[in-house]
Amino acid sequence: MADSAKEKLVDFLKERAFDPVLDASAEGRSDTEKEKLEHVQRATRSEIDRFEGYDSAHEVVVNFKRDLDSEPAQRVHRELKDLGLPTLDDIAGDFENEAQKLGVA
């Protein structure tokens, strides 16, 4: 069950926050925006690897919450907002609801 809950939470994050960033196009963006986009896409790939590497759904939830407040994550969130892309902050409430539905504190 824990593996299933972990998979569901990671899939939720991918669908709602990570995939839109990875799928974003640089077309029509300024050079500065293109650089920001490349940076946030690299950071997003690292985030996906990190979340997939956690051993349990509980670890996913704990680290999601840490990312909401960490300074490095906040910098990336600001860049995402500048680019009009979703952040973890944007989906925090829905993510917490999903975790509760799956029985993860």
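**Pocket lining**

I sorted the lining of the largest pocket by class and got 11 nonpolar, 4 polar and 3 charged residues. I note here that the model is predicted. I then looked up the volume: the largest pocket holds about 240 Å³ of space. The lining has 18 residues, and those closest to the centre of the pocket are Ala43, Glu47, Ala73, Val76 and His77. Which helices supply at least two residues each of this lining? I found helix 1 (2-23), helix 2 and helix 4 (71-82).

**Helix 4**

I turned to helix 4 next. At 1.5 Å a residue, its 12 residues should span 16 Å. The end C-alpha atoms of helix 4 are 17 Å apart, so the two values agree.

Which residues of helix 4 are buried? I listed Ala73, Gln74, Val76, His77, Glu79 and Leu80. Ala73, Val76 and His77 had already come up among the residues closest to the pocket centre.

I looked at both ends of the helix. At the start of helix 4, a side-chain oxygen of Ser70 comes to within 3.2 Å of the backbone nitrogen of Ala73. After helix 4 comes Gly84, and I read its phi as positive, near 75°.

**His77**

I picked out His77, which sits in helix 4. Is His77 buried or exposed? Its relative accessibility is 5%, so I count His77 as buried. I also found a polar contact: the side chain of His77 meets the side chain of Asp89 at 3.4 Å.

**Leu85**

I moved on to Leu85, in the loop between helix 4 and helix 5. Leu85 and Gln74 are 11 residues apart along the chain, and their C-alpha atoms are separated by 14 Å.

**Salt bridges**

I wanted the charged pairs next. Side chains of opposite charge can pair when their charged atoms come close. How many salt bridges are there? The count comes to 9. I wrote up three of them, as follows.

I began with Arg50 and Glu47. Their side chains form a salt bridge with an N to O distance of 2.5 Å. Both residues belong to helix 2 (residues 31-53), and they lie 3 residues apart, about one turn of the helix. Arg50 has a relative accessible area of 28%, so I mark Arg50 as partly exposed. Glu47 is at 18% relative accessibility; the cut-off for buried is under 20%, so Glu47 counts as buried. Glu47 is also one of the residues closest to the pocket centre.

Asp90 is partly exposed, because its relative accessible area is 43%.

Glu98 is at 19% relative accessibility and so counts as buried, whereas Lys101, at 68%, counts as exposed.

I then looked for salt bridges with shared partners. I found that they join Glu47, Arg50 and Asp67 into one network.

Terms used
Residues are numbered from 1 along each chain as its sequence is written. This is a predicted model: local features need pLDDT of at least 70, side-chain atom pairs count only at pLDDT 80 or more; totals for chains, interfaces and linings use all residues. Side-chain values use heavy atoms; hydrogens and water are left out. A salt bridge is a side-chain nitrogen of Lys or Arg within 4 Å of a carboxyl oxygen of Asp or Glu. Helices (H or I, at least four residues) and strands (E, at least two) are DSSP runs, numbered from the N terminus. Buried means under 20% relative accessible area, exposed over 50%, partly exposed in between (1.4 Å probe, protein chains only). On a 1 Å grid over the protein atoms alone, a cavity is a set of points where a 1.4 Å probe fits but cannot get out, and a pocket is an open set with protein on both sides within 12 Å along at least five of seven lines; lining residues have an atom within 4 Å of a point. Grid points are joined across faces, edges and corners, and a volume is the space filled by probe spheres set on the points. Ala, Val, Leu, Ile, Met, Phe, Trp, Tyr, Cys and Pro count as nonpolar, Asp, Glu, Lys and Arg as charged, and the others, Gly among them, as polar. The expected span of a helix is 1.5 Å times one less than its number of residues. A polar contact is a pair of N or O atoms within 3.5 Å; within protein, one must be able to donate a hydrogen and the other to accept it, and residues adjacent in sequence count only if both atoms are side-chain atoms.
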